[in-house]
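Please open the model in your viewer, with a way to select residues by chain and number. The tour below moves from one selection to the next and says what is found at each stop.

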Amino acid sequence: MKIALAILAAAALGFPFVFRGPYPQHLAILVMLYALLGSAWNLLGGFAGQVSLGQAIFFGAGAYTSTLLAQHAGLSPWVGMIAGALVAGALALAIGYPCFRLSGHYFAIATIAIGEIAGIAVTNWDFGGGAVGLFLPVGTEGLLSFQFHRSKLGYYYVLAAMLLATLLLSAWLRRGRAGYYWRAIREDQPAARSVGVPALRFKQIAIVLSAALTACAGTFYAQYVLFIDPGSVLPLSLSIQICLVAVLGGVGTVIGPLLGALVLVPLSEATRVLLGGSGRSLDLVVYGLLIMLISVFEPAGIAGIARRLGLTAR
Amino acid sequence: MSFRLALAIAVSAALGARAASPQEVVIGAVYPLSGGLAKVGNDIKSAIELAVDIVNDDIDLPLPLAKGKGLPHLGGAKLRVVFADHQGAPEKGLSEAERLVSQEKVAALMGSYNSNVTATASQAAERLQIPFLNADSTSPLLTTRGFRWFFRTTPTDDEFSENFFKFLDEMKKKGKAAKSVGLMYENTLFGTDVSKFEKKYAQQHGYEVVADVAYDSKATNLNSEIQRLKAAKPDVLLQASYTNDAILSTRTMKELDFRPQAILAMDAGHVASEFVPAVGKDADGIISREVWALELGEKKPVVKKVNDLFRKKTQATRGQAIDMDGTSARAFVGLLVLADAIDRAGSIEPEKIRAALEATDIAGDALIMPWRGVKFDPKTHQNTLGQGILVQIQEGKYRVVYPFDLAAAQIRWPLPAWGK
């Protein structure tokens, strides 16, 4: 387990020096971004068992908060990232309070609905750029301004650090009291409550942490692409993709979302690159088929395959 | 073209032909080829492929690079286009643009229909310093970013709005003077944006806005809105509506006997295929803006010839003959503009192509568009010679009535009173 992790870390550090082109580096950044989003989803959907299909709200909250603060108050994106995490956390509390009364599928459906409402609301929000979106001012390059123009290395390592922090946090949470409480809630909420687990409070903790981490990823996305609009940071398809990464990777495991992103993102890119130019939508068919195969033959996700091969411990 | 520039091109062409003249020039095209916009994306793809055929083969048409094979200043090198699918997602547009540049080694990029994808894909091109030609995104914001490598041939929503007022100015010269305008628009992004531009240009061109009526396009009753317009008595009504509300408003105008001298509509609902069948004769006389029309072929024979080739191409590659529309026509022209610049650059070096694009000067006659030509603004890189057309519904058909030199039918002004 430790050796596998060390190899993974070394590979992550060395990757941009082996693959110098912008495209492989972009691919690696996408993998890490989805791994981060999947890990954040996993706190709520995996550990605590509350399947959210509205993660795009938090992603959008992070992207819009930091961008608007940069545009109107000239604040550093790093400050914006913290502010975005706070906004997303507050939204998460507001969403969690009524929605956690619902359980199972009903909670998932409620999050879809709220996500769609958020998308429509921002589309009609003049100050937030409406449907046209917001361009980030291209500023000086550097870690402080969170913009890197000539090379992607800056983005790469910033995101790698963010991902590492998220994975460590989720490993630590999983091992601690919160992890046990969440698992108890996931397995049987009434039973958990009867033995004194404050279910609502710990579900709220899960959604707030998940939202804050997702918002940080949103700020990263905005700084990376330098353009946001409701179609790119608030669509339902993003929420589903986030959930898919974690579920296919292995729900409730620390390393699962990373494995899921490592397989899914290159898969989606590869099918599109090889087949997408034909204009016959074959890529989506192949992509969907592969997802079906994984979920039929290995319901425990890619982490399940890895475990069977003895690559990771439980 | 200055003498020195001509000399430089001639010399580089001569050198290029002898030294490292590439066998083929590769262009990357990022478009929505799957998902909800697949039909549009594939029409664009067919149009670009047709344009490539016209450049590569010897075809007798009055278009740039049609005669002779390949790119003459690059030793007859052939064009090849690599297509990539962005599925309507800005982040995928970015990634495809980067892949085409780094893996496929394209000399220039084209794209991407959706304004938001064009925004990110062109950002990648800007960072990688590769020319990016946009033929079909109309969001005015795109050319306000101060990019060095971004060029746009199509007019923007802003210019389409100004078109109305240029048209009114010309009508004035013909003795049909309108002094006041009334605005009626649906109250989401489309309508409100249009109304902002229309107010700006009304002021610039000296027309008084006597009514400003926003409404909900899902409303089932527009009586009070039309009453307000009727009371304000505008000479001309500028309308931006979707389909159902365009139908409802036309019926309500008849019911309440509101008849301005002219109605100028911002395409959308007034050119939707349901509109004329739904209101029948009452649609006659309404004028709408358009990007392009097949009917332009009556004054520009090349439009018809290219459309015939397009029908043949789509029949052969996609199993059904498809007519060109405003989007495929613009993509077709976009590829030719890019090919023309690469040919004049005599090189596939990005900086030389960029300089050649800046020096682009194509006359309106060499285009299948209603434009006066292609010439980029030195700062924004927006085509300064683009313009839309106006079509008027006459006997249930959309006829091109403006610009007057391209008109296929006489304009009818003013609108006849109801029931006549």
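Begin in chain B with the place where two helices meet: B:Pro90, B:Glu91, B:Gly93, B:Leu94, B:Ala97, B:Glu98 and B:Val101 in H3(B) are in contact with B:Asn116, B:Val117, B:Ala119, B:Thr120, B:Ala121, B:Gln123, B:Ala124, B:Ala125 and B:Leu128 in H4(B). Two residues are said to be in contact if their C-beta atoms, placed from the backbone, lie within 7 Å, and the helices (H or I, at least four residues) and strands (E, at least two) are DSSP runs numbered from the N terminus. By class, this contact of H3(B) with H4(B) has 10 nonpolar, four polar and two charged residues, where Ala, Val, Leu, Ile, Met, Phe, Trp, Tyr, Cys and Pro count as nonpolar, Asp, Glu, Lys and Arg as charged, and the others, Gly among them, as polar.

Before going further, note that this is a predicted model, in which local features need pLDDT of at least 70 and side-chain atom pairs count only at pLDDT 80 or more, while totals for chains, interfaces and linings use all residues. Residues are numbered from 1 along each chain as its sequence is written, and chains are lettered from A and ligands numbered from 1 in the order in which they are written.

Now select the whole of helix H3 (residues 90–102) and helix H4 (residues 115–128) of chain B, which pack at an angle of about 35° with their axes 7 Å apart; axes are lines fitted to C-alpha atoms, for helices over the stretch in contact, and angles run from 0 to 180 degrees between N-to-C directions.

**Around the two helices**

Select B:Gln87, in the loop between strand E2 (78–85) and H3 of chain B, and look at its backbone: B:Gln87 has a positive phi of about 55° although it is not a glycine. B:Gln87 counts as buried because 25 C-beta neighbours lie inside 10 Å, the cut-offs being 20 or more other C-beta atoms within 10 Å for buried, 12 or fewer for exposed, and partly exposed in between, with C-beta atoms placed from the backbone. Then move to B:Ser112, in the loop between strand E3 (108–111) and H4 of chain B, where a cis peptide bond joins B:Gly111 and B:Ser112, with omega about -10°. Most residues other than glycine have a negative phi, and most peptide bonds are trans.

**The sheet**

Which order do the seven strands of the open sheet in chain B follow? The order is E7-E6-E8-E9-E10-E13-E14, with mixed pairing, and two strands pair if DSSP finds at least two bridges between them. At the edges are strand E7 (208–215) and strand E14 (397–402) of chain B, each of which pairs on one side only.

Select strand E6 (residues 180–186) together with strand E8 (residues 236–240) of chain B: these run parallel and are joined by five bridges, and B:Ala240 in E8(B) is the bridge partner of B:Tyr185. Strand E10 (residues 287–290) of chain B, by contrast, runs antiparallel to E13(B), with four bridges between them. Strand E13 (residues 389–394) of chain B is mostly covered, as five of its six residues are buried.

Follow E13(B) into E14(B), to which five bridges join it in an antiparallel arrangement. The two strands form a hairpin with two residues between them, and B:Glu395 in the turn has a positive phi of about 50°.

Within E14 of chain B, select B:Val401, which is buried because 21 other C-beta atoms lie within 10 Å. Leaving aside neighbours within four places in sequence, B:Val401 is in contact with several residues, including B:Ile287, B:Leu390 and B:Ile411.

**Confidence and the partner chain**

Colour chain B by pLDDT, the predictor's confidence in each residue from 0 to 100. The mean for chain B is 90, and 95% of its residues reach 70 or more, yet helix H1 (residues 3–18) of chain B has the lowest confidence, at a mean of 49. Where pLDDT is low, the predicted coordinates should not be read in detail.

Finally, show both chains: 25 residues of chain A are in contact with 30 residues of chain B. The predictor gives the complex an ipTM of 0.74 and a pTM of 0.80.
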